[in-house]
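Visitor: I'd like a quick tour of a protein model, please. Could you show it to me first?

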Amino acid sequence: MISGGGDPYYALTLGAQAMRRRVEAAGLAIGGALGVAAEPYPHQVAAVRRVLTDTQVRHLLADEVGLGKTVQALMILNALRWQNPAHKAVILLPNRLIDQWRRECWTRGHCKVSVFGEDAQRDDEAWVRLVRPQSIRSGEFRLQPERFDLLVVDEPQLIPAEVMEIVERTAGDFRQFLLLSATPGLGDPAKLRRIMAMLEPDRAAIASAKAHDLPALLDDIEASAAEGEHGNSMLPDTVWRTFSISRRILRSTRAEWGRYLPQRRYDHVSVGPLASERERVTLGMDWVGNVRQQGARTDTWRAAQVIHRGAASTRAYASGQADATGLLARAAAAGAGVPGDSRLDALLDILCGIWHQDADEQVIIVAGDNPSIDFLKPRLARYFGGDSRSLPMAELRREGEASDSEEADIRAMDAQLAAFARGEARVMLLGEWVQAGLNLHHFARNIIFYATPWDSDVVDQLIGRLDRLRPNGLWRGDQGRHFGRIRVWTISQEGTAEERVLAGLEALGVFERPLPPLSPEDALTIDGELKGLAFTGERDPVRRLSAMAAGWNGTGLQSRLSRFSPYSAAAAQALYDGLQTSPMPGPLVRSTVEADTFTSASERALRGWLTLIERSDTFAVDHRRDRLDPDVRFMTIWYRSKPAMFDPFQIAGVEGNNWMTGHVPFITARRHLAQPPRMTVNTDEGEEGGRPLRFLDHGDEVHDSLVDGFLSYAGTNCSPSQPQPLQVALDPRHPLLATCSGKVLALAAGWSDPGELAMPAFNSETLGRMATAPTEAQRAALAGDVRRAADWWLADQRWLRDHISARSYYTALVRSENGWTRLPDEIARLAFMPVPDLPDSRPARLRGTPPRLAPADVQAACRRALGCIVEQANGARDEALGAFQEALASRIQVVTVEGGDIIAAKEAALERLRSERTSVQDWAREGQIAAAKRSLEMARTAVSQRLAWLEAMPEKIAEMTPRILGVVIMRAAPFSDEC
């Protein structure tokens with residue numbers, strides 16, 4: 001029992017699991033990036049690795065809609081904070097994305113997050129700060145590079161231009177910067193100039209100082225590289241990493257990764273209207289035209305759509321409208337008493353076709369409004385069996401106008417969705433107002449637009465409720481299994497304004513693929529073109545809308561050096577495949593299975609460690625159910641010992657006063673993440689709002705605290721200096737006993753992590769320069785330069801871990817007449833399992849009389865065990881160094897050029913100060929020049945130190961020795977009454 005007793009065997013075995021978690025995070029998990037609660041797709045793994053191993057984090061994520069840019073940003077953020085726990089980020093985003101980011105940051109990314117202007121949480125308590133554009137526009141919130149490491153801007157095309165101007169002026173001062181946009185518009189010279197200034201601030205500064213256009217400068221740099229100016233001194237991929245205009249722009253497309261997504265099939269059914277229907281539409285549109293001519297305040301766009309939906313909608317609308325012409329009343333009366341509805345007939349034909357193939361298929365029908373829902377519901381029931389019991393239907397209607405809160409609308413939708421979600425209803429009737437917050441892809445794959453909304457964004461949102469990444473999507477895609485199709489139908493009547501509007505929507509491609517996020521300008525253009533189709537009968541808008549849609553493909557940027565790029569879909573797939581086939585760091589207490597992905601293997605190993613923690617009586621780990629929803633399950637962790645004792649160590653953020661206030665709920669499996677993810681659970685009566693639910697993995701504060709705590713505990717209790725031999729009683733079924741029962745073993749473990757190499761020694765020199773600065777402002781500027789240099793080292797550290805991965809080592813020796821002999825790795829692994837992976841197994845305990853060994857024998861065991869660890873580490877190091885030299889040479893070349901850019905920018909700024917004529921007094925101007933000189937000297941020093949550290953890296957790695965976790969000498973024996 002380790003708690004309070006300092007059991008060295010449990011300390012070593014628990015520490016070994018902490019060791020392997022640390023090594024896994026540094027290596028396979030890409031510096032903790034893959035610790036977020038998402039199953040990573042190949043393009044996401046490749047993109048995150050590319051950003052994190054670059055010379056600096058300064059990138060545009062431009063993946064097409066639906067390919068997971070937010071998840072990639074969370075992975076990057078998690079890795080940066082895992083590497084630097086003090087890391088802070090500010091995220092600027094449109095209002096409608098605030099709630100999504102707030103939820104995703106906590107449930108997937110382990111982030112303590114707050115929203116500026118809303119949360120009482122203090123800035124220093126939040127790792128991520130979400131900011132609305134209006135907070136920056138009003139001046140209430142100021143972007144501060146000295147306070148935040150990373151600036152993220154999501155969907156910049158949806159952020160007001162004046163706010164983006166502030167971002168553009170400030171972004172270059174942030175040491176890390178991410179821009180997320182599926183439609184960055186880099187084909188527009190003005191947008192290209194602004195975005196490249198944020199991605200390439202040093203080259204932008206050079207262009208500005210020399211009065212050059214930045215895109216022209218970048219084009220000249222590319223042209224020189226493409227013409228071979230660097231000769232044979234650089235490999236092709238190094239040329240691309242150094243000089244390509246698109247070196248910091250990442251984009252994945254559905255064409256590349258479509259196997260993970262369903263395919264859309266679109267059918268437009270055009271029907272001839274009945275005479276009464278043609279009369280209704282003609283009279284109604286005449287009334288609309290009259291109202292438009294008079295310039296009345298009536299919403300004629302909405303009126304035109306209602307008139308096309310059907311007689312029931314027209315009658316309901318007409319009852320509330322002034323109608324001096326009588327046209328609208330005549331339209332509402334047209335066809336009264338005449339049976340038949342041409343669009344209903346088409347709808348029935350479509351439904352019959354669907355249910356002929358699968359009688360249980362669930363179908364979404366977009367009816368448009370409440371009168372249309374009331375019209376369709378009894379007729380569908382009558383046609384398909386006579387009553388609602390034969391065709392159970394669900395409906396999501398709007399009772400009155402929209403609520404003031406989008407969140408309230410979503411709650412109402414969730415309540416009405418229950419029957420459809422349980423499969424009790426085969427039809428869901430929707431009004432067009434139902435959009436965001438409704439996820440139907442778990443239940444349906446057919447959507448029929450009985451009444452198509454005349455709004456591209458509404459159509460896109462409604463289809464998007466079905467066309468989403470699906471459960472088990474990664475596994476199915478990797479197995480080559482087809483996802484089937486999303487079937488989309490529209491119904492229109494020939495010769496009507498509705499049919500012309502549909503032609504415009506089809507030109508945009510909205511029924512066949514997701515739309516990118518639209519800028520306000522694009523949205524206004526589309527709205528105007530659709531109105532032209534509806535009200536004037538023009539056909540040119542269709543051509544213009546088609547041209548607009550064509551411009552959404554790609555980023556609009558071509559690089560002369562694209563042929564040299566090392567990044568492709570094939571390369572991303574190869575990286576992903578390598579991740580899936582890489583063995584987990586050992587020693588594992590639960591073996592992986594053939595079907596495991598990296599994440600499922602990691603989760604399995606983590607659960608084994610948690611079982612070991614619980615069975616060793618170290619901490620209390622329990623399985624529980626939500627008190628309000630028993631179907632929701634989770635685990636909790638707290639202390640075994642007396643309150644506030646924190647035995648054997650304190651878990652970060654976990655109180656020890658009493659269980660009621662201190663226990664921590666968590667889940668460990670991605671498949672247990674609810675949709676949408678749950679932020680809280682209810683563990684006890686009387687909890688208001690529930691208790692935060694964690695996802696326990698790399699980057700989570702509690703998880704990483706357990707790793708640190710058990711590493712330290714093992715070091716304290718398993719020191720190789722004077723180990724005391726132990727007798728360890730094991731479950732009689734323990735597989736170790738088959739070969740080692742009654743034998744004396746020496747166990748040792750350790751790890752190596754090249755990312756722990758000492759930081760370059762630039763601090764003392766640069767800080768000395770800071771002290772000479774005469775003003776606080778100049779000292780602050782130099783402090784920013786120091787932080788930037790430190791961030792370079794962190795970037796090189798991530799890159800180094802990618803090329804020479806952290807490794808764990810363990811060994812078990814058995815004592816024999818010939819001394820200490822090393823056991824095979826598989827048997828050694830069993831020795832690190834106090835609790836065998838068997839039903840109702842008994843945990844190991846220290847019992848019986850320890851073996852008596854002479855001090856010399858103990859010392860020999862320690863030397864031999866530690867020698868095995870060093871031998872393994874040296875072999876792995878030498879193997880890695882063999883393939884490292886070329887990558888290092890490339891890195892040095894890139895850093896040399898980028899360092900030259902930094903110095904050139906500082907030199908240009910200094911020269912401009914010397915040459916420009918200003919009204920500033922001479923003493924102030926001399927101070928500015930002196931400050932610029934110090935900044936230039938600082939840059940030269942930091943760049944030279946960075947290069948010197950890189951050049952000395954092979955020597956430093958060759959001198960590395962593994963860190964020893966601990967050593968234990970024990971005799972393995974089965975449980976018995978005597979022991």
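What follows is a short chat about a few spots in this model.

Guide: This is a predicted model, so to speak of local features we need pLDDT of at least 70, and side-chain atom pairs count only at pLDDT 80 or more, while totals for chains, interfaces and linings use all residues. Residues are numbered from 1 along each chain as its sequence is written, and side-chain values use heavy atoms, with hydrogens and water left out.

Visitor: Which side chain of opposite charge is nearest to Glu277?

Guide: Glu277 is buried (under 20% relative accessible area, 1.4 Å probe, protein chains only). Glu counts as negative, and Lys and Arg as positive. Glu277 has no salt bridge (a side-chain nitrogen of Lys or Arg within 4 Å of a carboxyl oxygen of Asp or Glu). At 5.1 Å away, the nearest side chain of opposite charge is Arg280.

Visitor: Which backbone nitrogen does the side chain of Glu277 reach?

Guide: Glu277 sits in helix α12, residues 275-294 (helices are DSSP runs of H or I, at least four residues, numbered from the N terminus). Its side chain comes to 2.9 Å from the backbone nitrogen of Leu274.

Visitor: Is Asn290 buried, partly exposed or exposed?

Guide: Asn290 also has its place in helix α12. Partly exposed lies between the buried limit of 20% and the exposed limit of 50%. Because its relative accessibility is 24%, Asn290 counts as partly exposed.

Visitor: How far apart in space are Asn290 and Leu327?

Guide: Along the sequence, Asn290 and Leu327 are 37 residues apart. In space, C-alpha to C-alpha, the distance between Asn290 and Leu327 is 9.4 Å.

Methods: Helix = DSSP H or I, 4+ residues; strand = E, 2+ residues; numbered from the N terminus. Polar contact = N/O pair within 3.5 Å; in protein donor to acceptor, adjacent residues only side chain to side chain.
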